[in-house]
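The stops below are meant to be followed in order, with one selection made at each.

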Amino acid sequence: MLSKWADAVPVEGSHEIGVWPHLQQLSSDVISRTAFGSSYEEGEKIFELQKEHAQHFLEAVRSVYIPGWRFLPTKRNRRMKEINKHGRSSIRGIIDKRLKAMEAGDADNEDLLGILLESNFKEIQQQGNKDFGMSIEEVIEECKLFYFAGVETTSVWFLWTLVLLSRYQDWQARAREEVLQVFGSQKPDFDGLNRLKAVTMILYESLRLYSPITTLTRQANEDIALGEVSIPAGVLISLPVIILHHDEEI
């Protein structure tokens, strides 16, 4: 990504780059590899469909709610059903290949899918019962959710961090100085990234000011007490993240 930016900028003068699509692609690539590893290219096609599904979903959420409308065979509803069916069968195909490789002892379990399947396999073996562990359907949903919840939020976070660094250039200088101090001309590694204190502070502050998730909603499964507030089972609790993050007292 950075190489593309460097190629676009002339040696002299300045050049404007729309970074948002690049950041979306970056987070999509990272999550595709993290979720599916060696099956990255297959995963990428699935995630392209997920991206389209998310756009249709957001359009549906923003439109006027009419009970039962989602069951009508409208163009959008048909497309969403088609995407869902195709996405599930594609992930199922990757899982079946991985399960065969695991049985043959040649599976690479370094990615999310491998970790889920290996953990599941051990759970079923230990209990001696297929009712334990996750079903294949649940594994499919985990992989979809990992992408759905991760791509947009991560790219939004990166984008606001760049906006803030451009506004507060003293912090930009501090971050650059720290990166050079820790890595010099070497490529970043995991241990070094954990030593970046100023960069971590900047990332956390960016999350506080411009949280990619504006509201969290949870349902109480049983009667609970939060301080002096009693919440009955079944009640929906809405946490306005933005308001909490900007409340000086909190």
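**The model and its numbering**

This is a predicted model, in which local features need pLDDT of at least 70 and side-chain atom pairs count only at pLDDT 80 or more, while totals for chains, interfaces and linings use all residues. Residues are numbered from 1 along each chain as its sequence is written, and side-chain values use heavy atoms, with hydrogens and water left out.

**Stop 1: the whole chain**

Display the chain as a cartoon; its secondary structure comes to 10 helices and 4 strands. Helices (H or I, at least four residues) and strands (E, at least two) are DSSP runs, numbered from the N terminus. Read along the sequence, the pattern is α-α-α-α-α-α-α-α-α-β-β-β-β-α. The C-alpha trace spans about 60 × 55 × 45 Å along its principal axes.

Next, colour by accessibility: of the 250 residues, 24% count as buried. Buried means under 20% relative accessible area, exposed over 50%, and partly exposed in between (1.4 Å probe, protein chains only).

**Stop 2: helix H6**

Select residues 136–167, which form helix H6. H6 has 32 residues and reaches 47 Å from its first C-alpha to its last, close to the 46 Å expected at 1.5 Å a residue; the expected span is 1.5 Å times one less than the number of residues.

Where is the kink in H6 centred? Centre the view on glycine 150, where H6 has a kink of about 25°. The bend at a residue is the angle between axes fitted to the seven residues ending there and the seven starting there. Glycine 150 is also one of the buried residues of H6, which include Val139, Ile140, Cys143, Tyr147 and Val151.

**Stop 3: an aromatic pair**

Rings of Phe, Tyr and Trp (its six-membered ring) pair if their centres lie within 6.5 Å; planes under 30 degrees apart count as stacked, over 60 as edge-to-face and the rest as tilted. By this rule the count comes to 2 aromatic pairs. Select tryptophan 160 and tyrosine 210: their ring centres are 3.8 Å apart and their planes lie at 10°, so the pair is stacked. Tryptophan 160 lies in H6 and tyrosine 210 in the loop between helix H9 (197–209) and strand S1 (215–219), so the pair ties together parts that are 50 residues apart in sequence. Tryptophan 160 is partly exposed, with a relative accessible area of 30%, and tyrosine 210 is partly exposed at 26%.

**Stop 4: histidine 246**

From tyrosine 210, move to histidine 246, 36 residues away in sequence and 9.8 Å away in space, C-alpha to C-alpha. Histidine 246 is in the segment after helix H10 (241–245) and is partly exposed, with a relative accessible area of 44%. Leaving aside neighbours within four places in sequence, histidine 246 is in contact (heavy atoms within 4.5 Å) with Arg208 and Leu209.

**Stop 5**

Select helix H3 (residues 40–62), where histidine 53 is found. Is histidine 53 buried or exposed? Histidine 53 is buried, with a relative accessible area of 18%. Beyond its neighbours within four places in sequence, histidine 53 is in contact with Met80, Ile83 and Asn84.

Finally, select tyrosine 65, in the loop between H3 and helix H4 (75–104). Tyrosine 65 counts as exposed, at 71% relative accessibility.
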